[in-house]
Amino acid sequence: MAALGGDGFRLLSVSRPERQPESAALGGPGPGLCCWVSVFSCLSLACSYVGSLYVWKSELPRDHPAVIKRRFTSVLVVSSLSPLCVLLWRELTGIQPGTSLLTLMGFRLEGIFPAALLPLLLTMILFLGPLMQLSMDCPCDLADGLKVVLAPRSWARCLTDMRWLRNQVIAPLTEELVFRACMLPMLAPCTGLGPAVFTCPLFFGVAHFHHIFEQLRFRQSSVGSIFLSAAFQFSYTAVFGAYTAFLFIRTGHLIGPVLCHSFCNYMGFPAVCAALEHPQRRPLLAGYALGVGLFLLLLQPLTDPKLYGSLPLCVLLERAGDSEAPLCS
């Protein structure tokens, strides 16, 4: 992560001298110290999350069921304790959110149904090309595919598959909880909502660098390929993290980012090269272009805050002195 100087972060209310920031009104630390507390808290959360994966010593690879089960335990413990970091941040900075801690972290009932469905629909539209590609390459027709997906036996098999549980349930839930629900409320009063969307994913992207050590340890590829893959993964996860941070802010819910994270883990990175060589290349590439175009067209309407009720992070910024955050309207 790039070094952050004291001038790189500011309380939004500094530019509004007629309104005193909430932390100052409560006798809390100054703007610079508040921002360093926020950054240090986020860095501590990221290190704790990644560190929890390595408390178990094992000679087995990360995809072995025994390793996955142990990591489930440690990462769930760290994730369940992560709200305490937000609570400590609130006490150290003196910033009062104006809502409960759980509400601030996206656990609320108001607008929960559109918050669960619309972001997932938006993400599926973005993946229109890959979904078409998956459908074209699938040996079964749509009716047979739906029977397999809806069959209780298929779900029972998935729920006993440790890799499926990790990729579709535990990783999306814990990563969105730690890297979005906990970090964004701490960063937003310091950087503003827009910069927080791009700052928060840096912690998320860097947290994935630990895969380098496992790949080097088990000699899964050449050193150059490993580092090139890590750089690509950092870029992809940073962009994805910015997207889910945007969804979290605009909806005020955690459920949307979690479902989108699970869906993207299932789909993986779009196989663009395979699409270019596909026998039905033209309709497939048209699907890719249409998906991206519709996504950009529908991004704002489907994440309109009016669909989801009052947004906790916007309430937080209003109390910190910024009532004109662009992502709040």
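**Note on the cysteines of this model**

1. Cys 314 counts as buried because its relative accessibility is 7%; buried means under 20% relative accessible area, exposed over 50%, and partly exposed in between, with a 1.4 Å probe and protein chains only. Cys 328, at 22% relative accessibility, counts as partly exposed.

2. The model is predicted: local features need pLDDT of at least 70, side-chain atom pairs count only at pLDDT 80 or more, and totals for chains, interfaces and linings use all residues. Residues are numbered from 1 along each chain as its sequence is written, and side-chain values use heavy atoms, with hydrogens and water left out.

3. A disulfide is a covalent bond between the sulfur atoms of two cysteines. Here a disulfide is taken as a pair of cysteine sulfur atoms within 2.5 Å. The structure holds two of them.

4. Cys 314 and Cys 328 form a disulfide, with 1.9 Å between their sulfur atoms. The torsion about this S-S bond is about -100 degrees, so the disulfide is left-handed. Cys 314 lies in helix α16 (residues 312-320) and Cys 328 in the segment after α16, 14 residues apart. Helices are DSSP runs of H or I with at least four residues, strands are runs of E with at least two, and both are numbered from the N terminus.

5. The other disulfide joins Cys 35 to Cys 190, S to S 2.0 Å. The link is right-handed, with 130 degrees about the S-S bond. Cys 35 sits in helix α2 (residues 31-52) and Cys 190 in helix α9 (residues 162-191), 155 residues apart. Both cysteines are buried.

6. The sulfur of Cys 34 is 6.7 Å from the closest cysteine sulfur, in Cys 35, too far for a bond. Cys 34 is buried, with a relative accessible area of 2%.
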